[in-house]
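I opened my notebook to get to know a structure that was new to me.

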Amino acid sequence: MNNKLENAINDQINFEIESAHIYLAMQSYISTLGLEGFENWMGVQYQEELFHAKTMIAYLNERGGRVNIRGFADPENEFKSLLDVFETSLAHELKVTARINNIMTIAHEVKDYAAISFFQWFVDEQVEEEDSFGKMIDKIKLVKDSGLYLLDKEAQVRVFTEPVVK
Ligand SMILES: [Fe+2]
């Protein structure tokens, strides 16, 4: 596999694990608000990010690449509110989307059609990620504090089901 592409995939594997930690810290903050549903919701997000990392690791190994697991900075543990958590999350997902798009650009440059096919799933996944965080921000703004209890019940039913990537 092309070196530049291999490096970009390695960066993304590490960024997905870092993302999982960011959402784990957010989940712990949410638990201090007593919102059990949102605590569950963010726990599912944590699992999703680990799944993304796991899937990319398996792919890089399958392609004969070398996985390099690295360290990363401490995640933010303090937030102003539930809305702050979700706005920070959406900003983070926009960064993820830019990174996935960059991998796709490199894959096109080096004409790695297999990688283009594999990463298309992540391009589509990012559309969903941005949408689910964006919708939650809209809902949190709509309901304000009085409706948060009901929204918390809705967030409670989110479950992690491992998607089929290929
Ligand atoms: Fe992800």
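Below are my entries on a metal site, a pair of helices and one leucine.

**Entry 1: the model.** I noted before anything else that this is a predicted model.

**Entry 2: the iron ion.** Which residues coordinate the iron ion? I found Glu16 (OE), Glu49 (OE) and His52 (ND1), at 2.1 to 2.2 Å. Reading along the chain, I wrote the spacing of these donors as E-x32-E-x2-H. I then looked at Glu49 and His52 in helix H2 (residues 36–62): they are three residues apart, so about one helical turn separates them.

**Entry 3: H2 and its partner.** I turned to how H2 packs with helix H3 (residues 82–109). The angle is about 15°, and the axes are 13 Å apart. An angle under 35 degrees counts as roughly parallel, so I put H2 and H3 down as roughly parallel to each other. Their crossing is left-handed. On the H2 side, I listed Phe38, Trp41, Met42, Gln45, Glu49 and Met56 as making the contact. From H3 come Leu82, Val85, Phe86, Ser89, Glu93 and Ile100. I sorted the residues of this contact into eight nonpolar, two polar and two charged.

**Entry 4: Leu83.** Setting aside neighbours within four places in sequence, I saw Leu83 in contact with Ile137, Ile140 and Lys141. Ile116 is 33 residues from Leu83 along the chain, and their C-alpha atoms are separated by 35 Å.

Technical notes: Residues are numbered from 1 along each chain as its sequence is written. This is a predicted model: local features need pLDDT of at least 70, side-chain atom pairs count only at pLDDT 80 or more; totals for chains, interfaces and linings use all residues. Side-chain values use heavy atoms; hydrogens and water are left out. Donors are N, O and S atoms within 2.8 Å of the metal (3.2 Å for Na, K and Ca); water is not among the atoms, so sites may look incomplete. Helices (H or I, at least four residues) and strands (E, at least two) are DSSP runs, numbered from the N terminus. Axes are lines fitted to C-alpha atoms, for helices over the stretch in contact, and angles run from 0 to 180 degrees between N-to-C directions. Angles under 35 degrees count as roughly parallel, over 145 as roughly antiparallel, 65 to 115 as roughly perpendicular and the rest as oblique. A crossing is left-handed if the near helix is turned anticlockwise from the far one by less than a right angle, and right-handed if clockwise. Contact means heavy atoms within 4.5 Å. Ala, Val, Leu, Ile, Met, Phe, Trp, Tyr, Cys and Pro count as nonpolar, Asp, Glu, Lys and Arg as charged, and the others, Gly among them, as polar.
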